[in-house]
Amino acid sequence: MGEMKGSKGTGGRGTLSGDRKAGARSASQGSRRADGRSTASDGRRPDGKSIAPGRRADGKSISTRGADGKSIRGARGAGEEVYAAGAHHRGRRKNKKKGNVISNIILVIAIAVFCVSAYKLFTIGKGYYDGRSEYDKIKNLAIGDGDKKDEDGPKVNFDELKALNPDTVAWIRFDPEPKIIDYPVVQGKDNQEYLHKTFSANENSLGTIFLNVDNNPNFTDENSIIYGHRMKDGSMFRHLVDYEDKAFWEANPYFYIYTPDGQELKYHIYSMGQVVDTSDTYLTEFNSQEEYQNFLNMTKEVSLYDTGVEVTTGDTIVTLSTCTSASDEHRFVVRGVRVWEDSAQ
């Protein structure tokens, strides 16, 4: 008991207190350097600066690879992140550069196509303009600007026409419509010569209205054929297709042909329609009256509509032929039977 009390005495308290203080001082001294500053155990270097996460105390990056050289999953060093970001931007720059090259190529192609198309349109337009201007001059030369017309129709100056082109065999016109069909007619050495050559021998897509090479130029054959182009600007035989409409035929049932020997021939349109270029429509010679009558019957049967105009073996007809938009083999034809002849010109 005396020892127990003695240990609680002043000396005992002093001993316990001293031990605790000594221990506390010892712990405190263990967390500080000799100069009193804290050690690096609080995440700082000995100089007091913070140690960055993922870096060593000397400032160098801590490797993110293991001993086998492979990347440690879930850990990426700052250097690797910078490299990946740089590679990503380089990839975007390459893709952008490639896209710009493709866009430039497409632009160049588009410009080239535009220029070629514009040139072709200009050439076509110029061809139409030159051709129509030429035929306007020829018309003024041959029949004037209406000053040579009388109640029976125009008076054609074939001397002027033959001086310009010896192949001249006729002049064809419609009255009252289609008024634009008002042209000289030639006959070449074959049916190809005037396809792309104008009356004045200029190369032009309008060509010239021409009589079939196998026909007599005096239009005495049972079936005389006259060819002309179907031009998009409405010139030449383009308006023959207007006869698809029966009302148009009713208002314009006649066309006229003038010849150098002074004849004015009037034709009553009795049949019209689309045919192929190998059709019997293009027959010009017949071995008998019966064969010719069968031909005439065929031309009436294939007509778009019945005109009621009678045609017999005692008649002669003219077939006007032009191309169509259906195909290269199809043609549109208008057939007229001669109903009147005047030699007063």
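Beyond its neighbours within four places in sequence, Val275 is in contact (heavy atoms within 4.5 Å) with Thr281, Tyr282, Glu329, His330, Arg331, Val333 and Arg335. This is a predicted model, in which local features need pLDDT of at least 70 and side-chain atom pairs count only at pLDDT 80 or more, while totals for chains, interfaces and linings use all residues. Residues are numbered from 1 along each chain as its sequence is written, and side-chain values use heavy atoms, with hydrogens and water left out.

**Val275**

- Val275 lies in strand S8 (residues 264-276); helices (H or I, at least four residues) and strands (E, at least two) are DSSP runs, numbered from the N terminus.
- Val275 counts as buried because its relative accessibility is 9%; buried means under 20% relative accessible area, exposed over 50%, and partly exposed in between (1.4 Å probe, protein chains only).
- Val333, one of the contacts of Val275, is 58 residues apart from Val275 along the chain, with 7.3 Å between the two C-alpha atoms.

**Largest pocket**

- The largest pocket has a volume of about 380 Å³.
- On a 1 Å grid over the protein atoms alone, a pocket is an open set of points with protein on both sides within 12 Å along at least five of seven lines, where a 1.4 Å probe fits; lining residues have an atom within 4 Å of a point.
- Grid points are joined across faces, edges and corners, and a volume is the space filled by probe spheres set on the points.
- The largest pocket is lined by 16 residues, of which Leu195, Tyr227, Ser321, Cys323 and Arg331 are the closest to its centre.
- Arg331 is also among the contacts of Val275.
- Strand S9 (residues 317-323) supplies the largest share of this lining, three residues.
- By residue class, the lining of the largest pocket has five nonpolar, eight polar and three charged members; Ala, Val, Leu, Ile, Met, Phe, Trp, Tyr, Cys and Pro count as nonpolar, Asp, Glu, Lys and Arg as charged, and the others, Gly among them, as polar.

**Second largest pocket**

- The volume of the second largest pocket is about 170 Å³.
- Its lining consists of Arg132, Tyr135, Asp136, Lys139, Lys179, Ile180, Asp182, Tyr183, Leu206 and Ser235.
- Helix H3 (78-143) and strand S4 (182-186) are the elements that give two or more residues to this lining.
- H3 gives the most, with four residues.
- The lining of the second largest pocket divides into five charged, four nonpolar and one polar residue.

**Cysteines**

- Zero disulfides (pairs of cysteine sulfur atoms within 2.5 Å) are found in a search of the whole structure.
- Cys115 is partly exposed, because its relative accessibility is 45%.
- Cys323, one of the residues closest to the centre of the largest pocket, is partly exposed, with a relative accessible area of 27%.

**Backbone features**

- Asp175 and Pro176 are joined by a cis peptide bond with omega near 5°, and Pro176 is in the loop between strand S3 (168-174) and S4.
- The bond from Glu177 to Pro178 is cis, with omega about -5°; Pro178 lies in the loop between S3 and S4.
- Ala201, a residue other than glycine, has a positive phi near 70° and sits in the loop between S4 and strand S5 (210-211).
- Met236 is not a glycine, yet its phi is positive at about 55°.
- The place of Met236 is in the loop between strand S6 (223-227) and helix H5 (246-251), and Met236 counts as buried because its relative accessibility is 0%.
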